[in-house]
Amino acid sequence: MTRRDDVAAVRASSRASALLQWGRQLAGAALLALGFAGVAQAAIDAYTFKDEAERARYAELTRELRCPKCQNQDIADSNAPIAADLRKEIYRMLGEGQSNQQIIDFMVDRYGEFVRYKPELNAHTWLLWFGPAGLLLGGAVLIGVIVVRRRRSGREDADVLSDEERQRLAHLLDKNRE
Amino acid sequence: MKRWMLLLPLVLFLGMAGLLYRGLYLDPSELPSALIGKPFPEFSLPAVQDGKPLTRADLLGKPALVNVWGTWCVACRVEHPVLTKLAQQGVVIYGVNYKDVNADAQKWLKEFHDPYQLNINDEAGSLGLNLGVYGAPETFLIDAKGVIRYKHVGVIDETVWREKLAGQYQALVDEGRE
């Protein structure tokens, strides 16, 4: 390695560490922003509940149901008017003493299976439920098979030369010396 | 390893690419209505113009379009001339004035043409909720018995009418004649 290369390497490494530092700061800022986002996102309604259990059910239901208008938000998070309507409806139904299942069915009857973030397990949704785990498992099995095969074939072929090959090698080496 | 196995990654890639390519042209904001094939929900609401009470029974007898609209809805203004033209051609159109100020709605109908045979005043959005409405305009096609046959989300323009609605509406009209 020449002197120039060394300087360049040092520069590169200091640049890399600066980059790393900057990356860390950025990650910290992003985390902080996420923390605030969590606070800022939840829409505010002034509902009074009978007891803590009802409040918890309200929170659970509004997190489990998806806003039909702003599709990647649950209705607890969304400020869309339709989400506010649905929250009001959930509050009303909770007050009437309806069960979680009744409330979810009510929503599905009107807006379709789409509004559930946890869709029912049926013929249409099994791929959704088990696809990712299946792919992961399939990948693991595939890697396992490949690794085992390589090991086996490696032991048989690569390390050990047959007599014929050894002769050829010796022959080639002799030839080189001449 | 068998030779055909070498083609496997290519086949997988092509399959995936095909799937994603199709996904590019799907519109995720268009939800399939959960209400198709189900009866139009019961309601008891005043008319926009004179406050006369209206119920589901008022919508029966002829296949019709039920158009959900509001003066706050910019796209409804775009749609309005098309509805007017359809009404002049003899298409039966009922209106659901969704979450609107009634005086504004009356003014709108006076200023523009009124294509609606009758107009339901759904200021609170309760009928809209039962219809699974999540915005405006939305248009339902109902048959003479008040069963919802089709739902279109978004503006009805000439193309939408010709390609999606006209055929089905005509089929329902013909069904009634037999």
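**Architecture of chains A and B in a predicted model**

Asn67(B) has Gly95(B) as its bridge partner in strand 4 of chain B. The structure is a predicted model, in which local features need pLDDT of at least 70, side-chain atom pairs count only at pLDDT 80 or more, and totals for chains, interfaces and linings use all residues. Residues are numbered from 1 along each chain as its sequence is written, and chains are lettered from A and ligands numbered from 1 in the order in which they are written. Helices (H or I, at least four residues) and strands (E, at least two) are DSSP runs, numbered from the N terminus.

Two strands count as paired if DSSP finds at least two bridges between them. Two residues are in contact if their C-beta atoms, placed from the backbone, lie within 7 Å.

Strand 3 (residues 64–69) of chain B runs parallel to strand 4 of chain B, and five bridges join the two. Within strand 4 of chain B, Ile93(B) stands opposite Leu65(B). Strand 3 of chain B also pairs with strand 6 of chain B, here in the antiparallel sense and over five bridges. In strand 6 of chain B, Thr139(B) is the bridge partner of Asn67(B). Strands of a sheet pair through backbone hydrogen bonds, either parallel or antiparallel.

Strand 3 of chain B is mostly covered, with six of its six residues buried. A residue is buried if 20 or more other C-beta atoms lie within 10 Å of its own, exposed if 12 or fewer, and partly exposed in between; C-beta atoms are placed from the backbone. Ala64(B), Val66(B) and Val68(B) point one way from strand 3 of chain B. Leu65(B), Asn67(B) and Trp69(B) point the other way.

Several loop residues of chain B were also examined. Thr71(B) lies in the loop between strand 3 and helix 2 (74–88) of chain B. Thr71(B) is partly exposed, because 19 other C-beta atoms lie within 10 Å. Leaving aside neighbours within four places in sequence, Thr71(B) is in contact with Asp100(B), Asp104(B), Ala105(B) and Trp108(B). Thr71(B) and Pro32(B) are 39 residues apart in sequence, and their C-alpha atoms are 25 Å apart in space.

Lys99(B) is found in the loop between strand 4 (93–98) and helix 3 (102–111) of chain B. Lys99(B) is not a glycine, yet has a positive phi of about 50°. Lys99(B) is buried, because 20 other C-beta atoms lie within 10 Å. Pro137(B) sits in the loop between helix 4 (126–130) and strand 6 (138–142) of chain B. The peptide bond from Ala136(B) to Pro137(B) is cis, with omega near -5°. Most residues other than glycine have a negative phi, and most peptide bonds are trans.

Chain A has six helices and zero strands. Of its 178 residues, 11% count as buried. Among contacts in chain A between residues at least 6 apart in sequence, 47% join residues at least 24 apart. Helix 2 (residues 52–64) and helix 3 (residues 81–95) of chain A pack at an angle of about 145°, with their axes 10 Å apart. Helix 2 of chain A contributes Glu54(A), Arg57(A), Tyr58(A), Leu61(A) and Thr62(A) to this contact, and helix 3 of chain A contributes Arg87(A), Ile90(A), Tyr91(A) and Leu94(A). These residues divide into five nonpolar, one polar and three charged. Ala, Val, Leu, Ile, Met, Phe, Trp, Tyr, Cys and Pro count as nonpolar, Asp, Glu, Lys and Arg as charged, and the others, Gly among them, as polar.

In chain A, the unreviewed UniProt entry places a "transmembrane region" at residues 126–148. UniProt positions are given in the numbering used here, feature names are shortened, and annotations may be inferred rather than shown by experiment. Over residues 126–148 chain A is 100% helix and 0% strand, and the end C-alpha atoms are 31 Å apart.

The contact between the chains takes 12 residues from chain B and 12 residues from chain A. On the side of chain B that touches chain A there are six nonpolar, six polar and no charged residues.

Key. Axes are lines fitted to C-alpha atoms, for helices over the stretch in contact, and angles run from 0 to 180 degrees between N-to-C directions.
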